[in-house]
Amino acid sequence: MWPKIIISFLLIFLLNTTLHSQVKTDYYKTIVYKIYGDLNKDNLDDMVVVKENNTDKHNPYLLEIFFQNKSGSFQNVFSSTKAVMEKFPYGDERTEVILEGLQIKNGVLIFRNQLLRGNFTHKFRYQNGEFELIGYTFNNASAGYMEHMDYNLSTGDKTEKHTAYETDKILKLTKTKNKLSVLPNLKDFSPFEFTY
């Protein structure tokens with residue numbers, strides 16, 4: 001009798017989990033981007049889709065990556081609801097983050113986001129069986145100067161620069177090397193949670 005009860009609870013749990021995960025992605029109906037390009041170096045165009053959930057006040061995004069196989073069909077190899085910043089992180093327009101660009105260039109998946117007073121770009125490459133962060137660029141209008149950071153995570157080279165608004169004079173220029181032993185992975189990635 002006990003094995004039947006345990007199996008029944010297990011089946012209910014699995015069915016509930018499956019239905020819950022389907023419901024969560026069913027809300028992502030608005031396609032914001034659908035792009036094609038070779039991500040895994042097999043000379044076949046893969047597909048990246050970003051969908052928006054307009055029913056949630058934060059307008060979160062669902063990122064899906066599909067590898068094309070030789071028959072021409074696409075296989076879903078990646079899915080995340082946190083890899084792309086929500087459009088309204090605090091639930092209203094005062095902190096709007098716009099996904100203004102998504103492209104595949106030389107096998108690198110590039111996300112470009114627009115902030116209220118700046119922008120940032122993340123570059124991911126499919127390597128070691130994962131999508132790893134290889135580049136980050138940040139620009140921001142701070143009090144009295146423009147702030148710029150360029151970080152090549154593959155080499156570890158990081159440049160930080162502050163430039164005066166009116167004169168374009170460089171107020172600060174710092175070049176450092178910080179090579180990470182393990183690169184951030186897109187599956188665990190949340191743009192504002194990673195420390196650059």
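Guide: Strand E8, residues 130–142, and strand E9, residues 145–152, run antiparallel and are joined by 8 bridges; strands here are DSSP runs of E with at least two residues, helices are runs of H or I with at least four, and both are numbered from the N terminus, while two strands count as paired if DSSP finds at least two bridges between them. Within this pair, asparagine 140 stands opposite glutamate 147 of E9. The model is predicted, so local features need pLDDT of at least 70 and side-chain atom pairs count only at pLDDT 80 or more, whereas totals for chains, interfaces and linings use all residues. Residues are numbered from 1 along each chain as its sequence is written, and side-chain values use heavy atoms, with hydrogens and water left out.

The pair belongs to an open sheet of 7 strands, ordered E5-E6-E7-E8-E9-E10-E11, with antiparallel pairing. At its edges lie strand E5 (98–105) and strand E11 (170–177), each of which pairs on one side only. Neighbouring strands of this sheet are turned by 10° against each other on average, direction ignored, where axes are lines fitted to C-alpha atoms and angles run from 0 to 180 degrees between N-to-C directions.

Of its 196 residues, 37% are buried, meaning under 20% relative accessible area with a 1.4 Å probe, protein chains only.

Definitions and conventions: Buried means under 20% relative accessible area, exposed over 50%, partly exposed in between (1.4 Å probe, protein chains only).
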